[in-house]
Amino acid sequence: MGGANTRRVRRQGPVTLRDKQIPATTTDQRLLDRRGPSDWVHTDPWRVMRIQAEFVEGFGLLAELGIAVSIFGSARSKPGSAEYELADDIAAGLVKAGYAIITGGGPGIMEAANRGAKEVGGRSVGCNIELPHEQSANPYLDRFVTLRHFFVRKTMLVKYSYAFVVLPGGFGTLDEMFEALTLIQTGKLEDFPVILMGADYWREQVAMIHKMADAGMISNEDFQLLYVTDSVEEAVNFLLDKAIKPFGLKPGIRKPKSWLGERGL
């Protein structure tokens, strides 16, 4: 994606803003800010309609995607880093096994995963997010949507995924990982696999989860929701065993015209 697509852009509903027109605050900031004048009493109900429209847009993007895996990880990882290359490799391996790839649509691990999917002919989509600092969609997406609210974005990343792969990341990655784990633990989501890749990076986090179990804060069975590996082959085989066979799914690479539409992106 070159030319104008590499410029700094920001959407305002259906409108795309560029350069100095970018708003000083994001929609999430304005939604959650209770300071200032009381006119929020009158404007907040209308926000519900905009949030509804955002869900409709996301559902429209992903409803016909098919069997997919969401890949989580840091936006700060650089090309050539070990975690970037691992994300590229696992995405390519999953596509070859018949999965589509969903990411947050931004740079770093997200870019690497979308790149890995794209390079082997798979379906690659992104759910980008409006941030105070610019996060543009990466150039390896067949299709993407830029969402205003994190809770809408997380719904999209979870609703259409049959498994979750988590690579090294920060607060956002942990938020996404524990969102999936909580939904699975509480029965809100099927018992789909959650795989942590980068065993050394996750060592202390895994130890903390062990501590939760030892303290009775979670059950020992809850710890079995996680699978830790550095091997792409192990990860793919684990997903096939846990996310395909038990649910009778039939993965396959396909790009129906109804999904891409006449204009592609």
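In the predicted model, strand 4 (residues 100-103) runs parallel to strand 5, and the two are joined by three bridges. Within this pairing, Ile101 stands opposite Ser124 of strand 5, and Thr103 has Gly126 of strand 5 as its bridge partner. Just after helix 4, Gly121 adopts a positive phi of about 80 degrees.

Strand 5 also pairs with strand 6 (residues 143-147), again in the parallel sense, through five bridges. Here the bridge partner of Cys127 is Val145 in strand 6. Strand pairing of this kind relies on backbone hydrogen bonds and may be either parallel or antiparallel.

These strands belong to an open sheet of seven strands, which are arranged in the order 6-5-4-3-7-8-9 with parallel pairing. Strand 6 and strand 9 (226-229) are the edge strands, each pairing on one side only. On average, neighbouring strands of the sheet are turned by 20 degrees against each other when direction is ignored. Helix 6 (residues 171-185) packs on the sheet, where it touches strand 3 (68-72), strand 7 (164-166), strand 8 (194-197) and strand 9. The direction of helix 6 makes about 150 degrees with that of strand 8.

The burial of strand 5 was examined residue by residue. Because six of the six residues of strand 5 (residues 124-129) are buried, this strand is largely enclosed by the rest of the structure. In a regular strand, side chains alternate between the two faces of the sheet. In strand 5, Ser124, Gly126 and Asn128 point one way, whereas Val125, Cys127 and Ile129 point the other way, and all are buried. Val125, which lies in strand 5, has a relative accessible area of 0% and is therefore buried, the limit for this class being under 20%. The C-alpha atom of Val125 is separated by 8.9 Å from that of Leu65, although the two residues are 60 residues apart along the chain.

Helix 4 is likewise mostly covered, with eight of its eleven residues buried. The buried positions of helix 4 are Ile109, Met110, Glu111, Ala112, Ala113, Asn114, Gly116 and Ala117. These buried residues pack against strand 3, helix 3, strand 4, strand 5 and helix 5 (150-159).

The axes of the two helices come within 7 Å and cross at roughly 35 degrees, and helix 3 passes helix 4 in a right-handed crossing. From helix 3, the residues in contact are Glu83, Tyr84, Ala87, Asp88, Ala91, Ala92 and Val95. They meet Ile109, Glu111, Ala112, Ala113, Arg115, Gly116, Ala117 and Glu119 of helix 4. By class, the contact between helix 3 and helix 4 comprises nine nonpolar, one polar and five charged residues.

Conventions: Residues are numbered from 1 along each chain as its sequence is written. This is a predicted model: local features need pLDDT of at least 70, side-chain atom pairs count only at pLDDT 80 or more; totals for chains, interfaces and linings use all residues. Side-chain values use heavy atoms; hydrogens and water are left out. Buried means under 20% relative accessible area, exposed over 50%, partly exposed in between (1.4 Å probe, protein chains only). Helices (H or I, at least four residues) and strands (E, at least two) are DSSP runs, numbered from the N terminus. Two strands pair if DSSP finds at least two bridges between them. Axes are lines fitted to C-alpha atoms, for helices over the stretch in contact, and angles run from 0 to 180 degrees between N-to-C directions. A crossing is left-handed if the near helix is turned anticlockwise from the far one by less than a right angle, and right-handed if clockwise. Contact means heavy atoms within 4.5 Å. Ala, Val, Leu, Ile, Met, Phe, Trp, Tyr, Cys and Pro count as nonpolar, Asp, Glu, Lys and Arg as charged, and the others, Gly among them, as polar.
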